[in-house]
Amino acid sequence: MISERFFNYIVALLILGTALVAWVMDEPFLITLTTKAVILALAGVGLNLALGQGGLISLGHAAFFGLGGYAMGVLASHAQTFTPLMEAPFLIVGTNSMPVIWLVAIVASSLCAFVIGLLSLRTSGVYFIMVTLAFGQMLYYFSISWPAYGGEDGLSIYVRNSFPGLNTLDPIQFFGICFAILMLVIYGVSRLTHSPFGLALNGARQNAQRVHTVGLNPFKLQLAAFTISGAITGLAGALFADLNRFVSPTMFSWQTSGEIMIFIILGGVARLYGPVVGAALFILLEHWLGGLSDFWHVYLGIILLCVVLFARGGLIGALAKKERAHV
Amino acid sequence: MSDAVLNILNISKSFGALKASDDVTLDVRAGEIHALIGPNGAGKSTLIAQIAGKLKPDTGKIDLLGMDVTRMSIAERANLGLGRTFQISELAMAYTVLENVMLGALGKRGGAFRFFKPVMKDAELRERAESAIERVGLSQHMNKVTSELSHGQRRQLEVAVALTLEPKIFLMDEPMAGMGAEGSKMLTSFLDELRGQAPILLVEHDMDAVFALADRISVLVYGKVIATGSVDYIRNHDEVRRAYLGEEAA
Amino acid sequence: MKIKTLLLAAVSAAALASNAIAEGHGKVKVGMITTLSGGGAGLGIDVRDGFMLAIKESGNENVEVVIEDDQRKPDIAVQLADKMIQSEKVDVMTGIIWSNLAMAVVPSAVAQGKFYLSPNAGPSALAGKGCSPNYFNVAWQNDNLHEAAGAYASEAGLKNSFIMAPNYPAGQDALNGYKRFYKGELAGEVFTKLGQTDYAAEIAQIRASGADSVYFFLPGGMGISFMKQYAGSGVDIPLVGPAFSFDQGILQAVGDAALGVKNTSQWSKDLDNETNAAFVKNFQAEYDRLPSLYASQGFDTANLLLSAMEKADVKDADAFRAALKEADFKSTRGDFSFGNNHHPIQDIYVREVIKEGDVYTNKIIGTALEDHADAFASECDM
Amino acid sequence: MSTVLIIEQILNGLQFGVMLFLMAAGLTLIFGVMGLINLAHGSLYMVGAFAAAAVAASTGSFLLALAASLAAAAIVGAIIELVVIRRLYDRDHLDQVLATFALILIFSETTRWLFGSFPLFLDVPEALSGTVTLPGGIAYSSYRLMIISVGIIVAVGLFLLISKTRIGMRIRAGENDREMIGALGVDISKLYTLIFALGAALAGLSGALVGAIQSVQVGMGEPVLILAFVVIVIGGIGSIKGALVGAILVGLTDTLGRVMLPLFFANFMEQSSATSVGSSLASMSIYILMAAVLIFKPTGLFGRA
C-alpha cells in the first residue's frame, strides 16, 4: 500500500511524462489525447466537488460543460466573423483571447449553476438526480433548436484561440496550458477541502442535521459548492471546445453528464485525483478497446460493471484502502 | 420572569387529530436545570423539535433571551445561543472526534465561507475544540473516527460539540441514554457543574439523574404539562404519581 | 525554448525524411472516419463497404485506407481527424456521414492542406461561402434531394403540401430546399422534436389540414415510426420524401407502409448503366445484401480518388486537385461532374417503393431535375 | 382549430401517456420496493421489442410475438437481477446509476452484434391495422385504441395486485419496512427477483407494443427511459398512481405543447419562425413541467417525504 498523496504525485508526473515523451517522439496525436484526458479530468474535478464532497449527485453537469463550450464558441465565432455580439445597450464584441473566454465561461456557468442549484437543492436523493437531469435536457434541446449558433450542427472555430506569449496551435503548448490549469484547480480544491468551508461541506454531506445544529446552513454550503463545481466544469468546457476547435449540443447531452460521472467513479469518489485517474483510464480504454473491436462498448460496460461491483471506492480506493477519502 | 432564558408560551401542535403539544407553557431560568419528563408518546420529542426549530408550532410563541424565535430556522437559533444534543446521536460519522467538535467551533465563530486557510491549523478554533473535548473527557480519543466510538462516547461527543457553541442555554435530549453506570455518574456531575455556565433543559428517562440534578421538573402527559415544580413537589404530586411515577414505582 | 525548437526541428525533419522514403511515388494514404457503432452505424458501414469494394475491384495496391469509428460524436470525430493528420499522416480524408460531424472536421482538415472527399454530408456552409479548393462532395449538397422533391411536386400538379421535418438545421434546410422549387400553397409546416418517436399529433394535423400531399424529411428511426403510424391512421394523402427514409437498409423495417411512396434520389439500384449494374451485382456477391444509396456514394468516392491517382501524384496538390475536379470516373449515377464549388452537378430521379418478391426496393419513375447544381454555388468564389 | 381536432389531440396525448405508463410502472415498482434506480430498464424495453420482431418474423403471429416479448424480458430481467442487480440494493444511488449504465452499454452492443445495425421489421396485426370511427366522426387508429386498453388493463391489474393479493401485501410490506418483511418469513430475495422480472416483463411488453408502430432498433430504449424517469419523478417515485397521473400529464403536455405552441406564437410572429420557436419550447416543455413540479413538490405529486 502506498500513500494516496504519493500516488497522486505519480499520476500527475505520468501525465506530464506522457505528453513530454510524445513531444520528443513527435507523436502530436498522443499529446492531443493526453490533453483531452487532462481537460475531462478538470470537468470531473468540478463535479467531484459537488458529488464527492457535497453529496450532490448531479446528472446535469453537462449543462455547465456545454455552457463553457458555447462561451468559447459564441465569442470566438463573433471574433472570427468580425461581427459584434451585441450592439445595444452597449457594444460587446467577440474575442479570441483565451483568458477572456475562460472568464466568461466561468461567470456564465457559475451563474447558471447558482440558479439550477437554488431550485434543485429543494429536492434530495433521486429527485435531485432527476431534476438536475431535467435542467441539462432543457439546455440540450434549446441548443439544438436555436439556429443562431449552428443548432445541432454546432459551431466550428477554424483557429484555436490565443494565449498571450504562447502558440496554442502547437499541441504541447496547449497541453501545457491545460495541465497548468488542472494543477492549479486541484491545488485550489485541495485547499478548499481542508478549509473551514470544506469541513462544513463534508460535514453537511454526512449529517446535515449536525451542521444545522451548530448554526451553519447546509443549504448555503451546498449551493456554494454546486456553484463552484459548475464554474470548474464550465472552464473545462471552454478548454474542451478549444481542444476540438468545435462546439455542439452533444456537450449538453445527458450522456456527457454520465461520462463525467464515470470518471469520478472509476477513479474514486471524493478522492482529489479520482477524476484524473478515471479520465485517463477512460481515454486509455476507449482507444485500446476501440481498436480491438467494433463492439468495444460491451467490454467497456463489463469493465465499468466490475469496477462498481468489486472495486468499491474506484481505483484509488482499491490502491489506498487504508486512508479515508474525506478530509 | 425577567430571568427566564427560554420562555415557551402556550404552544400547540397537532398532527391530524393527534394533539402532540397542547397549550404548553414552560420556562428555563438562568442557572437552573429544568428537567422535562413524561411517559413515552407524551410529546417530548415534538416539543423539543419545536424549541430547536425543526417544527413550527401551530399556535403560541417561543422566546429565547427575550427574542421571539418562533419563526427562526435551526441555524439562526443555534447562532443565538441554543446548544442542542440529540437522543440518537447526530454526528458526522466519518469524521474524527476532533473534526466533529471543530464543526461546532466553526459554527460559533459564524460562517464557514472561508475557502483557503486550512481549518485544522486555525489555532483559535483548535483551542476551543480541544478544550471542549477535554471537558467531556474524550481527550485520549481525539483522533478516533466517530463511527468507532462506543455509544456512551458518542453522547459525550455530542455534549462537547454543544459546549463549543458556548450556548446561553442547553437543550439536552436524553444524554444518559445507553451509558453505563460509570458514564452516567460522570456525566451527572459534569452537568451539575455546567449549569453554572448556562441553564439546561434536560429531557431524561434516568430518574436517578433527574432527581439528583433538577432544580425544577415539568411533567408532560398527552401533550399537556400537568405539573411543574421542585423535585419534592413532583415526587408528591398526586396526578403525576397516577399518570407516570405510579408505573415506575410498580 | 531554443533547445526545444531545435529538438523539435530535428525530430520532425527525421520524420519527414523517413516518410518520404517509406511512401515512395504515387501512394495515397486515406483516412476514413465514419460511424460504425451505436445508432446510425448502418450508414457508415455501407459507405465503408462501398468504398472498399471499389478499391478491391481496382486492384490498386497504392491505396492504404485507415478506418476509424466516430460513434456519431463530433468530439470523437475531431480527435480522430487529429490522429489521422498528426500521427497517421494521411493525404486524403473521407467517410463522414453526418453534417454536424463534417462541420467539425472538414474546415480544419482542409485548412491543414488535406483533401477531403465527402461521401455523404453536404452542409450548405461548405458549399457556399465556406467552400474550399480541397473539399470535394461526391454525394450531394444537403438541399438537393429536397429541391428535387419540390420540383417533382410542382410538376405532378400538387398544389397544397403539408411539410414536416425535425427542428434542427438539416431539417430547416430540408423544408427551405423543398419550398425553393415548390410552387403551390402550404397546407401546414411543422417542426418535430429531433428523435421524436410518436407522430399521432402531427398525423391528426395532417388529416385536418386538407393537404393534397405530405412532404417529410425524417431520417433514420423517425421516418420508420412516422410511416408505420401514418399507414395505420387511415389518412391517405400521398407521401413524398427524400431517399434517406426509403433506403435499402430501412425499407425492410417499414414494410408495406412504404409501398407506393414517391421519393427523390440521385441513385437507384435499377439505374440503367453498366457501372451501376456491375456495382449492384458485385456488392451483392461480396456482402450478401442489396447495396444502398450510401454504398453507391462510398463506391463513387473511391472511384473518384482512383481516377485522380491515375493522373497525378497526391504530393503535387495542385495537379491532384485538378485531377479530382475533372471527375473522370465512371459513376454509378451515369453523368457526374463537379460545379465551381466542387459539389456535384447531376440528375436527380423520382423513385417509387415497390416489392420485388419478398424484398422492398425502389424503381425509377422519372427525373425530377436534370444536371442539377446547388443553390449555394454562386456564393462560392472559386 | 376545430373542437374535433382538439379532442383527437387530447386522445393522442392520453395514448402517448398510456404508452409511457407501461414503461414507467415497472420502473417505479422496482424503485418503490427495492430502492433501485434502474437505467437498464430501457434495455429491457429493447429486448422485448427485438424478441417480438424476431418471433413475428419467424411465425407471423402477433400474439406469439407479444408473448415472446413478455417472456424474453422477464427472463433477461430475472437473470440480471440474479447476477448484477441484487448486489446493488444496499449501494447508494451513484453506484446503481453507474452499474445500470454499464448494463445499457452491454445490452445495446450485444443486440447490435446479434441483430445488426439496421432497424428490424415489426408490424401491427392485420386485424388492428385500420381505423375505428369514434363518436363525433374522429377516425382513430384501432391499434392505438388497443394500446390505451392494454394500458388501462395493466393499471387496473397492478392496483389489484398490490391492494388485493398476498404478493401485493408483501410488496407493500417491503416498501414500508424491509426488515419486517424478512421477519414475516418471506424469502425476500425471491420476492425481489419476482418483482424485478415483473417490471422487466412490463417494459418488454411496452417495447413490443410500441415497436409495432415505431422502429425496432438499437438505442430505442434510452429516449423512452428518460421520459419514463420524468414521469415517475413527477408522479412521486414508488407510487403506481403517481406513475399513471405523471404519464398522462407528460403525454398531454408533450402532445398539446407540440400542437398549440407553434399556433400560439403564430399570433405575434411570422409563420416560419413561430413554428421554429414553438417547437423549440415544446421540446423543452416536459422538462420544464418536471422542474416546476419538483420545485413546488420536492417529492413529486404522490411521493412520500
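**Notes on chains C and D**

1. Let's begin with the record for chain D. An unreviewed UniProt entry gives the feature "transmembrane region" for residues 16-37, 44-64, 70-89, 101-122, 142-162, 191-213, 225-252 and 273-296 of chain D. Please keep in mind that the model itself is predicted.

2. Two of these spans can be set against the coordinates.

3. Now for the secondary structure as a whole. Chain D contains eleven helices and two strands, and their order along the sequence is α-α-α-α-β-β-α-α-α-α-α-α-α. The radius of gyration of chain D is 20 Å, close to the 19 Å from the globule rule for 305 residues, so chain D is as compact as a globular protein of that length.

4. Some overall figures may be handy here. The C-alpha trace of chain D spans about 65 × 50 × 35 Å along its principal axes. Of the 305 residues in chain D, 58% are buried. Taking the contacts in chain D between residues at least 6 apart in sequence, 76% link residues at least 24 apart.

5. Next comes the contact between the two chains. Chain C contributes 32 residues and chain D contributes 40 residues. On the side of chain C that touches chain D, at least two residues each come from helix 2 (41-58), strand 7 (185-192), helix 8 (200-209), helix 9 (221-232) and helix 10 (248-254) of chain C. Helix 9 of chain C gives the largest share, six residues. By class, this side of chain C has eleven nonpolar, 17 polar and four charged residues.

6. Helix 2 of chain C also deserves a look within its own chain. How do helix 2 and helix 11 of chain C lie relative to each other? Their axes come within 11 Å and cross at roughly 105°. An angle of 65 to 115 degrees counts as roughly perpendicular, and the two helices of chain C are therefore roughly perpendicular to each other.

7. Finally, the residues at that crossing: C:Asp49, C:Leu53 and C:Glu57 from helix 2 of chain C meet C:Asn282, C:Phe283, C:Glu286 and C:Tyr287 from helix 11 of chain C. The classes in this contact are three nonpolar, one polar and three charged residues.

Technical notes. Residues are numbered from 1 along each chain as its sequence is written. Chains are lettered from A and ligands numbered from 1 in the order in which they are written. This is a predicted model: local features need pLDDT of at least 70, side-chain atom pairs count only at pLDDT 80 or more; totals for chains, interfaces and linings use all residues. Helices (H or I, at least four residues) and strands (E, at least two) are DSSP runs, numbered from the N terminus. The radius of gyration is taken over C-alpha atoms; the globule rule is 2.2 Å times the number of residues to the power 0.38. A residue is buried if 20 or more other C-beta atoms lie within 10 Å of its own, exposed if 12 or fewer, and partly exposed in between; C-beta atoms are placed from the backbone. Two residues are in contact if their C-beta atoms, placed from the backbone, lie within 7 Å. UniProt positions are given in the numbering used here, feature names are shortened, and annotations may be inferred rather than shown by experiment. Ala, Val, Leu, Ile, Met, Phe, Trp, Tyr, Cys and Pro count as nonpolar, Asp, Glu, Lys and Arg as charged, and the others, Gly among them, as polar. Axes are lines fitted to C-alpha atoms, for helices over the stretch in contact, and angles run from 0 to 180 degrees between N-to-C directions. Angles under 35 degrees count as roughly parallel, over 145 as roughly antiparallel, 65 to 115 as roughly perpendicular and the rest as oblique.
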